[in-house]
Amino acid sequence: MPDLFVDSIMDIPLELLTRKNTKGIIFDLDNTVTEWNNPEIKHEILQWFHELPQHGITACLLSNNKGPRVMDAAEKLGIPYVAKATKPRRRAFRRAMEVLKTLPEETVVVGDQIFTDILGGNRMGLYTVLVSPISKREFIGTRMMRLVERFALRKLKKMGR
Ligand SMILES: [Mg+2]
């Protein structure tokens, strides 16, 4: 289970994270920051990333995708990256924290996949934020997606009991 669930990264409550002493955020790339394998990053997303330093937060991309694709996105966002990351393995998250120079309790992980981003983050004791995947959201529409997610999260909660 994620610690927090939001529709888009732009809905992440940065104030709340700052209050709990967050220094760094590890971001998944595909379907979290961009559409799957689409190099384009929306203007409002770029804007949002540029505001992170004002909250005392540094960011890093952590993607299982190939180097050039991740590097291109990282350059556009102006943040470092770790590619071919083998999430949910712990090593991937350790590498990202080395880049961020943060401790687990100061680090948040944000991603759209429960079995890579959230599972890996939880195993490392990081605060985990699940987002709705961008392409599914755009494909079937946000309202429909919310229904699907509510259903999926209910199932997950039952499994957790
Ligand atoms: Mg993803």
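So, the magnesium ion: its protein donors are Asp28 (OD), Asp30 (O) and Asp112 (OD), sitting 2.1 to 2.2 Å from it. Donors here are N, O and S atoms within 2.8 Å of the metal (3.2 Å for Na, K and Ca), and water is not among the atoms, so sites may look incomplete. Along the chain, the donors follow the spacing D-x1-D-x81-D. Asp28 is in the loop between strand E2 (24-27) and helix H2 (43-51), and Asp112 is in the loop between strand E5 (107-111) and helix H5 (114-123), so this pair ties together parts that are 84 residues apart in sequence. Helices (H or I, at least four residues) and strands (E, at least two) are DSSP runs, numbered from the N terminus.

Quick word on the model: it is predicted, local features need pLDDT of at least 70, side-chain atom pairs count only at pLDDT 80 or more, and totals for chains, interfaces and linings use all residues. Residues are numbered from 1 along each chain as its sequence is written, and side-chain values use heavy atoms, with hydrogens and water left out.

Are those two aspartates, Asp28 and Asp112, buried or exposed? Asp28 counts as buried because its relative accessibility is 8%, and Asp112 counts as buried at 13%. Buried means under 20% relative accessible area, exposed over 50%, and partly exposed in between (1.4 Å probe, protein chains only).

Now helix H2. Its buried residues are Ile45, Trp48 and Phe49. They cover an arc of only 100° around the axis, which puts them on the same side of H2; that arc is taken from the directions from the helix axis to the C-beta atoms. These buried residues pack against helix H1 (14-19), E2, strand E3 (58-62) and helix H3 (67-77).

On to the largest nonpolar core, which has 28 residues; Ile9, Ile12, Phe27, Val33, Phe49, Leu61 and Val110 touch the most other members. H3 gives the most to this core, with four residues. By nonpolar core I mean a set of buried Ala, Val, Leu, Ile, Met, Phe, Trp, Tyr and Cys residues joined through side-chain atoms within 4.5 Å. Take Ile12: leaving out residues up to four places away in sequence, it touches Val6, Leu17, Phe27, Trp48, Val110 and Val129, where contact means heavy atoms within 4.5 Å. There's also a second, separate core of 13 residues, including Ile26, Leu62, Ala85 and Ala92.

Last stop, Glu106, in the loop between helix H4 (90-100) and E5. Glu106 counts as buried, because its relative accessibility is 14%.
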